[in-house]
Amino acid sequence: MPGAPMLRVTGLTKSFSSGPDRVSVLRGVDFSLCPGERVALTGESGSGKSTLLHLIAGLDQPDSGDIRFGDEAVSAMSDAARAAFRRDRLGLVFQQFNLIPSLSVADNLAFQSRLAGRQDNAWHAELIERLGLGHLQKRYPEQLSGGQQQRVAIGRALAVKPLLLLADEPTGNLDEATADEVLALASDLVRRTGCGFLMVTHSDRLAATLDRQVHLRAGLIH
Ligand SMILES: Nc1ncnc2c1ncn2[C@@H]1O[C@H](COP(=O)(O)OP(=O)(O)OP(=O)(O)O)[C@@H](O)[C@H]1O
Ligand SMILES: [Mg+2]
């Protein structure tokens, strides 16, 4: 991969209390990702994949360690700065689509980029076309299939032209053919924007379609 890593995670640790005990989930994770690189994160259930994604997205704070995007240390930001960074520079896609029920497809797609003040109408139109959402723009989430909703969620995440697209089992609720189609589209659009892509998946088959695979085991990246 060309260029310096855009994301550098070093020595990341995170534990949770479980009754009287503390459980160490991440025990010193080192990981980096270059611009345009598409990486699959695999690991057993409970190995800490979602925890790692949440920390990278600034949705939770590590116990120790460092998360940097270029020169910016997310781990050192104030809560407000971290929230703004997430809104403006990251795209997040989860297994539950988290679309806003009261907004149309077009408004869901534009929502995050409007908040971020980074609305680019030509790019939105391209996303809608590429994601095959043209005829669905005026519909509401409840009027869409799972695969259609997930395409909207991917469009919304990419509408801001993020530095990094973080996806936690984005196709976990979809049948195999739809999952393949949605991931191929997301991959293609990631390539088009040149952003990084980190995707949690339980599927070795889907993981193999990305550029690199990393595995989380015993609190470390292998
Ligand atoms: N907020 C929390 N409080 C307490 N324990 C937590 C919390 N979040 C996660 N954990 C624990 O941390 C461990 C890792 O959880 P995590 O959700 O990161 O796993 P995962 O690899 O994403 O699993 P899955 O593949 O099932 O989604 C689990 O043992 C979980 O119970
Ligand atoms: Mg998880």
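Residues are numbered from 1 along each chain as its sequence is written. In this predicted model, local features need pLDDT of at least 70, and totals for linings use all residues.

User: How many cavities of 30 Å³ or more does a search of the whole structure find?
Analyst: On a 1 Å grid over the protein atoms alone, a cavity is a set of points where a 1.4 Å probe fits but cannot get out. With that criterion, the number found in the whole structure is one.

User: What is the volume of the largest cavity?
Analyst: Grid points are joined across faces, edges and corners, and a volume is the space filled by probe spheres set on the points. For the largest cavity this is about 40 Å³.

User: Which element gives the most to the lining of the largest cavity?
Analyst: Lining residues have an atom within 4 Å of a point; among them are Val93, Leu165, Ala186 and Phe197. Strand S7 (164-168) and helix H6 (176-193) each give two or more residues, helices (H or I, at least four residues) and strands (E, at least two) being DSSP runs numbered from the N terminus. With three residues, the element that gives the most is H6.

Methods. Chains lettered and ligands numbered in written order. Predicted model: local features only at pLDDT ≥ 70, side-chain atom pairs only at ≥ 80, totals over all residues. Heavy atoms only, no water. 1 Å grid on protein atoms, 1.4 Å probe; cavity = no way out; pocket = protein on both sides within 12 Å on 5 of 7 lines; lining within 4 Å.
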